[in-house]
Amino acid sequence: MEVMVILVPLALMLGLLGLAAFLWSLKSGQYEDLDGAAWRAISDDDQSPPAKERS
């Protein structure tokens with residue numbers, strides 16, 4: 001039972017840290033353009049280098 005004195009505040013602290021990180025990500029605009037990130041992942045913007053001819 002003595003370990004609960006350490007684990008309960010530690011769990012609360014980690015939970016608050018996670019909540020703070022989530023709120024910071026909301027404030028910084030991480031979730032503004034979800035569709036744009038999905039389309040950028042599947043778009044084929046990069047050009048492959050031309051194949052070299054073997055001689």
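Buried residues account for 4% of the 55 residues in the protein chain. The model is predicted. Burial here means a relative accessible area under 20%.

The secondary structure is quickly told. The protein chain has two helices and zero strands. Its accessible surface comes to about 5800 Å². Carbon and sulfur atoms hold 65% of that surface.

Start with the nonpolar side chains. A surface patch is formed by M1, V3, M4, L7, V8, L10, L12, M13, L14 and L17. Together these residues have about 1100 Å² of accessible area. Take L7 as one of the members. L7 is found in helix 1, which covers residues 4-27. Its relative accessible area is 42%, so L7 is partly exposed. Patch residues need over 30% relative accessible area, and L7 has 42%.

Now turn to the aromatic rings. How many aromatic pairs does a search of the whole structure find? The search finds one. The partners are F22 and Y31. Their ring centres lie 6.1 Å apart, and the planes make an angle of 45°. The pair is tilted. Planes under 30 degrees apart would count as stacked, and planes over 60 as edge-to-face; the rest are tilted.

F22 is partly exposed, with a relative accessible area of 41%. Y31 is partly exposed too, at 44% relative accessibility. Exposed would require over 50%, so Y31 at 44% counts as partly exposed.

Terms used: Residues are numbered from 1 along each chain as its sequence is written. This is a predicted model: local features need pLDDT of at least 70, side-chain atom pairs count only at pLDDT 80 or more; totals for chains, interfaces and linings use all residues. Side-chain values use heavy atoms; hydrogens and water are left out. Patches are made of residues with over 30% relative accessible area and no salt bridge: like charges are joined within 9 Å, nonpolar side chains (Val, Leu, Ile, Met, Phe, Trp, Tyr) within 5 Å. Accessible areas come from the Shrake-Rupley method with a 1.4 Å probe; for residues, only the protein chains shown count as cover. A salt bridge is a side-chain nitrogen of Lys or Arg within 4 Å of a carboxyl oxygen of Asp or Glu. Helices (H or I, at least four residues) and strands (E, at least two) are DSSP runs, numbered from the N terminus. Buried means under 20% relative accessible area, exposed over 50%, partly exposed in between (1.4 Å probe, protein chains only). Rings of Phe, Tyr and Trp (its six-membered ring) pair if their centres lie within 6.5 Å; planes under 30 degrees apart count as stacked, over 60 as edge-to-face and the rest as tilted.
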